[in-house]
Amino acid sequence: MTVVARRAPPSRDLGGTLYVFAAGLVVVVVVGGILFSVLLSAFATSWFGGWFPDGYTDRWFRAAITDFDIPQILLSTAFITLAVAAIAVVIGVPAAYVLARRRFRGKAVVQILLLLPLLLPPITYGIPLATMLYEFRLAGSAAGVIIANLVPALPLVVLLLTPFFEQIDPNLERAARVLGASPRRVFTRVLVPLAAPGVLAAALTVVVRTLALFELTFLTSGPDSTTLVVALYYAAFAPGIRPSQQIDAMAVVYMATSLVLLLAALRFVNPTNMVVRVRR
Amino acid sequence: MSAPAARHEAAESAPALARRSRRGLDPTLLLIAPAALCVLGLFVYPFVYGLALSFQPYGDNEANGPLGSYLAFFGDPRERLSIWNTLRLAVPATFIDVAVALPLAYRLRRPVPGQRALGALFVIPMTLGTVLIAEGMLQFFGPAGWVNKSLLAVGLVHEPVRFLHNYLGTLISLLISDFPAVFLLLLGYAAGIDPALDKAARVLGASWWQRTRRVTLPMMAPGIAVAAALSFVATFSVFPSAVLVGNPAGETRVIAFAAWQAAYERFDYSEGSAIAIVMGVIELGLVAAALSLRAGGYRRMRTEGAR
């Protein structure tokens, strides 16, 4: 009987690599095709039968800017997303610190309560919340939209930052205390510098998510407090009223905004953090 | 991941703990109060408020007692159907995305040419959001869009395929917008699997199929369950794309749309809240079922040294 020394066949690896590139190609074709056809259409004079538009113009952008009041929408989008991120960080950072460092009665309850808004569909709590905000006459204003978007943003910050604080060695704080630093000094001189990268990443993640999150803003916004994504939905929801190129122009504005943010985010954030990891 | 935390907590000196318990409350704990109040006021209270509201039927439903809003939802075949319409989209979208992303994530543990660019490529749709993807599909998948033009040019079809304003359109949009999160979660899990295990199985003579079935899949099982559960959470709440590229009056009248319609078109906040709560219960129930399956499976298949 002869023993044939078989090398592990490289075919599996080749197959895997081919699969990766095939999937990449599909994404490029589908997502690229979607984005590129929106982009072309937004600049098209008209685009009926052919593979490409009949001519190019920027008038849809000029029309969109006045018709949809894009400066106002961009302004309120920036205000709302930044306010949500700022409030979520201010409230969430201390909570994450406590959850990382202390054991206390009811900790499990707090953790479950923080996980629930991320697990439930936004519509589920959004409708009762919006009804309540209408009672308090907050819905329809920027304040109402900010409050609604805080519900998933705050837990996200806490969840992202708790493991981050766990990684910071408590001996550093203890050493600072032993050397005579006041709790406030420990906070500003030790904790804040150490936590800054994580906090920045969490804030950017909240901005990106709030920009893309549709339901809560949709349920609570008024004419002066819509974000880009809701404005785009309303534009696309009523086709026929405006030429499709004008809606595409609006989509390009949204696309450009989120791509700028994505590039900013990718500098600081590991994309794996944008989805919530359920840790065990 | 939780090991350092345990160590830090254990590292707290005994006198410190004693001091704290004598004092009663640790002042540091107050730092969590704003977040707790926020969650209580903005999430728990509205939820309880909605629950109470759902048992106070409005209009015609008032005659049917406190359960009137629920009876109205389950009693109307058209309304009831929205549950099925949603599951019919969310379950296949979740399965397809997990099935496509799993080999991808597993292969990307080890470097391929252009690793970073590929990773970024698969994540892009996440930042675009469902609304933009649906809006863009109107052009790209439309009767005169590039997809249909290509299919016609190749001769695969003789008239444009209807991709839009139906079940197919909504499913495609869900597949695209949900894929990045599934991929990233699975990638995180795959990265944690020791490549030596696969190598050992190969050295011991296991075939590709045996290694996949006996080594890779059991190791990935917890990741698959979590990714599927979170993907289901996202796809089950499908709303904008069901309207923009679906047929919200018919086959893609999803439950989120039914809830919105009740509350914002009929101004029946009671039934709107009732449908929202039914939606939450179904979703959490199915997620809990999936995750408990995972817990059982994980215990059965647990390998020594895994996590």
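Residues are numbered from 1 along each chain as its sequence is written, and chains are lettered from A and ligands numbered from 1 in the order in which they are written. As the model is predicted, local features require a pLDDT of at least 70 and side-chain atom pairs count only at pLDDT 80 or more, while totals for chains, interfaces and linings use all residues.

For the complex, the predictor reports an ipTM of 0.84 and a pTM of 0.85. The pLDDT, which is the predictor's confidence in each residue on a scale from 0 to 100, has a mean of 86 in chain A, where 91% of the residues reach 70 or more. In chain A, residues 5–11 stay under 50, and the model has one contact beyond four places in sequence for this stretch; two residues are in contact if their C-beta atoms, placed from the backbone, lie within 7 Å. The pLDDT is also below 50 over residues 274–280 of chain A, a stretch that has 16 contacts in the model beyond near neighbours in sequence. Chain B has a mean pLDDT of 85, and 87% of its residues reach 70 or more. Residues 1–12 of chain B have a pLDDT below 50 and 12 contacts beyond near neighbours in sequence. For residues 299–307 of chain B, where the pLDDT is likewise below 50, the corresponding number of contacts is five.

The domain assignment of chain A gives domain 1 (22–57) and domain 2 (69–274), with bounds that come from an automatic or database domain assignment. Six residues from domain 1 and seven residues from domain 2 of chain A form the contact. On the side of domain 1 that touches domain 2, five residues are nonpolar, one is polar and none is charged. In this classification, Ala, Val, Leu, Ile, Met, Phe, Trp, Tyr, Cys and Pro count as nonpolar, Asp, Glu, Lys and Arg as charged, and the others, Gly among them, as polar. The C-alpha centres of the two domains of chain A lie 32 Å apart.

Within chain A, helix α7 (residues 170–178) packs against helix α8 (residues 183–212) at an angle of about 140°, and their axes are 10 Å apart. Helices (H or I, at least four residues) and strands (E, at least two) are DSSP runs, numbered from the N terminus. Axes are lines fitted to C-alpha atoms, for helices over the stretch in contact, and angles run from 0 to 180 degrees between N-to-C directions. From α7(A), the residues Leu172(A), Glu173(A), Ala176(A) and Arg177(A) meet Val186(A), Val190(A) and Leu191(A) of α8(A). This contact comprises five nonpolar, no polar and two charged residues.

Two non-glycine residues of chain A have a positive phi near 55°: Asp69(A) and Arg137(A), the latter at about 55°. Asp69(A) is found in the loop between α2 (59–67) and α3 (70–101) of chain A. It counts as partly exposed because it has 16 C-beta neighbours inside 10 Å. A residue is buried if 20 or more other C-beta atoms lie within 10 Å of its own, exposed if 12 or fewer, and partly exposed in between, with C-beta atoms placed from the backbone. Arg137(A) lies in the loop between α5 (122–135) and α6 (142–167) of chain A, and counts as exposed because it has 10 C-beta neighbours inside 10 Å.

Chain B has 13 helices and zero strands. Of its 307 residues, 44% count as buried. Among the contacts in chain B with a separation of 6 or more, 74% join residues 24 or more positions apart. Gly223(B) lies in helix α10 (residues 208–236) of chain B and counts as buried because it has 23 C-beta neighbours inside 10 Å. Apart from neighbours within four places in sequence, Gly223(B) is in contact with Leu185(B), Leu186(B) and Tyr189(B). Gly223(B) and Gly65(B), which are 158 residues apart in sequence, are 45 Å apart in space, C-alpha to C-alpha.

Between the chains, 84 residues of chain B are in contact with 80 residues of chain A. Helix α6 (residues 115–140) of chain B supplies the largest share of the chain B side, with 19 residues. By class, the side of chain B that touches chain A has 62 nonpolar, 15 polar and seven charged residues.
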